[in-house]
Amino acid sequence: MHKLGIVLVEPQIPQNTGNIARTCAAVGASLHIVRPMGFTITDAKLKRAGLDYWHLLDITYYEDIEDFISRTDGSYFYLSTKGRKLYSEVCYPETSYIIFGREDAGLPEELLLENHSACLRIPMIDAARSLNLSNAVAVCTYEVLRQWGFPSLLAHGRLRGYEWLQSY
């Protein structure tokens, strides 16, 4: 049974977290939030960005990164512009957690140094500082799910009133 966890360490922007929550809910990934956050979970911007997907979301909160590591088990990958390996070069194990840092600072350097072989990067031009956090989460989430064959996800759509097209 595949299990993907998206981990946000000290998220600061409620709209990003709301968008990430919606992505997690839509694909069945769990969302793990490491405190402190730069907003409250009742923030209207957070709720609006997540729309009506909150009831589909598996979300857990942690006091710090050590609390997260002690309460979870699996393979951990750290997304950073400082990563030496591309996110698409990794073969993601059955239980994987992708860990993302603050929008304004990323993950702590000491954490990256301790886990350097599991630090991943999304390629971009040298002049760009980073991708938006919610976009980076989406890119990495769909790579993991692609490798796993999109388990439990509906991989085709249908046009209403055009059932005859279903055979194509």
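Q: Which residue in E7 is the bridge partner of Leu86?
A: Arg121 is the partner of Leu86. The model is a predicted one.

Q: What makes E5 and E7 a strand pair?
A: Two bridges link E5 to strand E7, residues 119-121. Pairing requires at least two bridges. E5 and E7 therefore count as paired, and the sense is parallel.

Q: What is the strand order of the open sheet?
A: The seven strands run E3-E2-E1-E6-E4-E7-E5, with parallel pairing.

Q: Why are strands E3 and E5 called edge strands?
A: Strand E3 (59-62) and strand E5 (85-86) each pair on one side only.

Q: Which strands does helix H5 touch?
A: Helix H5, residues 133-147, packs on the sheet and touches E1, strand E4 (75-79) and strand E6 (95-100). Its direction makes about 160° with that of E1.

Q: Where does helix H1 lie?
A: Helix H1 (residues 14-27) lies across strand E1 (3-9) and strand E2 (30-34). H1 runs at about 150° to E2.

Q: Why is Ser134 called buried?
A: Ser134 sits in helix H5. Its relative accessible area is 11%. Buried means under 20%, so Ser134 qualifies.

Q: What makes the link between Ser134 and Asn132 a polar contact?
A: Their side chains are joined at 2.6 Å.

Key:
Residues are numbered from 1 along each chain as its sequence is written. This is a predicted model: local features need pLDDT of at least 70, side-chain atom pairs count only at pLDDT 80 or more; totals for chains, interfaces and linings use all residues. Side-chain values use heavy atoms; hydrogens and water are left out. Helices (H or I, at least four residues) and strands (E, at least two) are DSSP runs, numbered from the N terminus. Contact means heavy atoms within 4.5 Å. Axes are lines fitted to C-alpha atoms, for helices over the stretch in contact, and angles run from 0 to 180 degrees between N-to-C directions. Buried means under 20% relative accessible area, exposed over 50%, partly exposed in between (1.4 Å probe, protein chains only). A polar contact is a pair of N or O atoms within 3.5 Å; within protein, one must be able to donate a hydrogen and the other to accept it, and residues adjacent in sequence count only if both atoms are side-chain atoms.
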